[in-house]
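Me: Could you take me through the aromatic rings closely, and then through the contact between the chains? I'd like one connected account, please.

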Protein chains: 2
Amino acid sequence: MSETNKDIVVAFYKRALFEGQVEDAFRLYAVPTYRQHNPLIEDGMEGVKKFVARIMANHPDARGEIKRVFADCDHVILHSHWHGLSDNPRGETVVDIFRLEHGKVVEHWDVIQPIPETSANANTMF
Amino acid sequence: MSETNKDIVVAFYKRALFEGQVEDAFRLYAVPTYRQHNPLIEDGMEGVKKFVARIMANHPDARGEIKRVFADCDHVILHSHWHGLSDNPRGETVVDIFRLEHGKVVEHWDVIQPIPETSANANTMF
């Protein structure tokens with residue numbers, strides 16, 4: 001189940017956030033009542049649509065790259081490098097957590113941190 | 001393996017960060033050469049020791065609560081609510097990712113976000 005859930009979440013993420021096809025993404029992979037924990041986004045598909053529209057208006061070149069995908073039963077976790085979620089030229093490190101029920105995404109949490117200019121180690125944040 | 005790895009990481013996290021016993025935590029659960037991706041922390045046990053000392057000096061009442069634990073093969077992911085990693089009175093939402101080899105923690109990434117005062121939804125960040 002975990003491997004199938006990874007495929008579902010990666011497809012949902014790419015369709016909704018990389019391609020901006022939020023309605024398509026929800027029709028295929030998520031429930032429209034999707035419970036949202038990102039404090040900038042309202043619940044459900046409409047919240048994600050508004051969020052994507054806002055990102056695209058402020059940062060038309062916003063882009064994300066998925067670095068790692070993990071799954072544990074009904075949860076899938078993505079570790080990604082984004083540009084355009086803030087004005088930071090180095091971009092943001094993001095972890096998204098998704099919960100699925102019956103093969104559909106039903107709930108989302110995330111944590112977003114702008115990448116600082118300097119680091120105490122040579123390993124990058126990824 | 002995933003369930004054992006969860007136990008190891010939770011024990012490591014509590015011993016090092018909740019109890020401040022960093023040397024004990026590394027002796028029992030991690031390798032001293034631990035690869036660090038948090039940009040505020042140097043590699044290895046010494047980096048974590050300095051970080052914990054700094055947190056305790058600035059925020060003696062710093063405290064974390066683990067909300068969710070996930071594991072996928074050799075990685076364990078913690079979703080936690082902290083107070084005292086910043087001056088934010090609402091605290092921080094944190095995801096830590098750990099990689100293990102042969103039952104010891106060898107690598108660490110994290111993402112930290114101060115919790116904002118208001119939210120577009122009623123679900124909290126957890």
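**Aromatic rings and the chain contact**

Reply: Happy to! At 31% relative accessibility, Phe18(B) is partly exposed (20% to 50%; buried is under 20% and exposed over 50%, with a 1.4 Å probe and protein chains only). Trp82(B), at 5%, is buried. This is a predicted model, where local features need pLDDT of at least 70 and side-chain atom pairs 80 or more, while totals for chains, interfaces and linings use all residues. Residues count from 1 along each chain as written, chains are lettered from A and ligands numbered from 1 in written order, and side-chain values use heavy atoms, without hydrogens or water.

Over all chains there are 16 aromatic pairs (Phe, Tyr or six-membered Trp ring centres within 6.5 Å; stacked under 30 degrees, edge-to-face over 60, otherwise tilted). One is Phe12(A) with Phe26(A), edge-to-face at 5.2 Å and 80°. Phe12(A) sits in helix 1 and Phe26(A) in helix 2 of chain A, so this pair links parts 14 residues apart in sequence. Both Phe12(A) and Phe26(A) are buried. Phe18(B) belongs to helix 1 and Trp82(B) to strand 3 of chain B, so here the parts tied together lie 64 residues apart (DSSP runs: helices H or I, at least four residues; strands E, at least two). In chain A, one aromatic cluster includes Phe12(A), Phe26(A), Tyr34(A) and Trp82(A).

Pro39(B), Phe70(B) and Val111(B) supply 21% of chain B's share, more than any other three residues.

Definitions and conventions: Buried area is the accessible area (1.4 Å probe) that two parts lose on being put together, summed over both.
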